[in-house]
Amino acid sequence: MAAPVVVAGLSSVENMPETAAEPTESSAEAQRRPQFGTRFLTDPRQVFQHNAWDNVEWSTEQEEAAQKKVQENSQPLPAEKQEEFDNRANEYWNDFYTIHENRFFKDRHWLFTEFPELAPQQKPPLDAEENLLNGEDVPSTHTETEFPGATASYRILEVGCGVGNTVFPILKTNNDPGLFVYCCDFSSTAVDLVKSNPEYDPSRCHAFVHDMSDTSADYPIPHQSLDVIVLIFVLSALHPQKMQNTINRLARLLKPGGVLLLRDYGRYDMAQLRFKKGRCLSENFYVRGDGTRVYFFTQDELHDLFCNAGLEKVQNMVDRRLQVNRGKQLTMYRVWVQCKYRIKNIWAEP
Ligand SMILES: C[S@@+](CC[C@H](N)C(=O)[O-])C[C@H]1O[C@@H](n2cnc3c(N)ncnc32)[C@H](O)[C@@H]1O
C-alpha cells in the first residue's frame, strides 16, 4: 500500500488523553470487524471517510521524522526526580483513579477476537492435555483448597487491571463454569473500584492489590496454576529495568502450555511523539503531566523479554493504525504491539 499522504502536524493533535489506551469504538463497529487489520486505505483521498484505517505503512521520511523528534527530546530528568516518580508510582495512579474513577478507559470490544483464549470453551493448554493423556500429572506444590479459585479448571490473571475494563467483559462473556479470574493492580483505589462494581462476584473473581515489579511480594496463587496472563497497557508503566524480573516472575505462574497475552504502546506511537521536552526519563520512557509513566516498545524488545523468561512466540505483531477525527479533519498515527507467548519449560521450584 502507498504511504498515506495526509500527515497531521503532531502539535495539532488536540487533547487526546495520553493514557486512553485505545480509541473509542461502537460495539456494532467492533462486531463487524473480525480482527484488527481489515480496513485499508488505498486511496488517500478517502482518508476522512472512516474513523480508522488499519495496517498503515509509514514512509521512510515519516519514520525518520519520528526518530528525529524522539532524539531531540531524549534529555533525561535528574536522578532524584526519576527516583521520586519510581517510589511514588502507585500514588500517582491512585490520584489518577481518584479523579477519573471508572470513566477513563473503555471496555475492549476487540478482546475476544484478538485473544480468543479469554473467550468461553477453552481447552486445557496443549501440554497439560498431553501430560494428562500420558498419565502424568502437572507437578504441584500446593494443596487444592488453599487459594481462591483452587477448584477452577481455567484460570486467568489480569495484571494492572485498572478498574476492570478487561475483567468484567471476560466475566460477562465467558460462562465456562470452570473459569476463575484473578486481577490485580498496585493502585488500591483501582482495586476498590473493581470490588465495588456490582458485577464483581467473589465466587468467580479475586481482585487484590499487588505491585508486579516487587519480586519479593507473593501472588495469592501457586506456581504453574494459570492458563492465561493478561497485560494490557501495563508493562509500559514499569521502569524498563524492572521489566525482565517482572516477566520472569509471571512466567512461573503459568501452567505448562499457558499463555501470556500483551497489548501495549509501540515505538513512535503518537503519544510518544507528542511528549514535550522535560518529560523524558530514559530512552523511550516518559512521565506524563499526572506523574504516571509510559514506555514505547519495539517488537524485538518484547520478544527478548519473553524469550528470556522461558516463553516462546505464538504471535508478535505491530498494529499501525491511522485514526481520523473527521470533524476536525485530523489524522493521528497510532502504533501498538500485540504479543502472545507460551510457556516452554516447566520452571523448577526455587
Ligand atoms: C494504562 S493503565 C491500564 C489499565 C488496564 N489494564 C486497562 O487496560 O484498562 C495501567 C495500569 O497499570 C497499573 N500499574 C502500573 N504499574 C503497576 C505495577 N507495578 N504493578 C501493578 N499495577 C501497575 C496502573 O495502576 C494502571 O491501572
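Predicted model: local features only at pLDDT ≥ 70, side-chain atom pairs only at ≥ 80, totals over all residues.
Residues are numbered from 1 along each chain as its sequence is written.

View 1. Helix 9 spans residues 240-251, and helix 11 spans residues 299-308. Helices are DSSP runs of H or I with at least four residues, strands are runs of E with at least two, and both are numbered from the N terminus.

**View 2. Helix 9 and helix 11 pack at about 45°, with axes 8 Å apart.** That angle makes helix 9 oblique to helix 11. Oblique covers what is left after roughly parallel (under 35 degrees), roughly antiparallel (over 145) and roughly perpendicular (65 to 115). Axes are lines fitted to C-alpha atoms, for helices over the stretch in contact, and angles run from 0 to 180 degrees between N-to-C directions.

**View 3. Three strands form an open antiparallel sheet in the order 7-8-9.** Strands pair if DSSP finds at least two bridges between them. Strand 7 (280-282) and strand 9 (293-295) are the edges; each has a single partner strand, so one side of each lacks a neighbour in the sheet. Neighbouring strands are turned by 30° against each other on average, direction ignored.

**View 4. Strand 7 pairs with strand 8 (residues 285-287) over two bridges.** The pairing is antiparallel. C280 stands opposite Y286 in strand 8.
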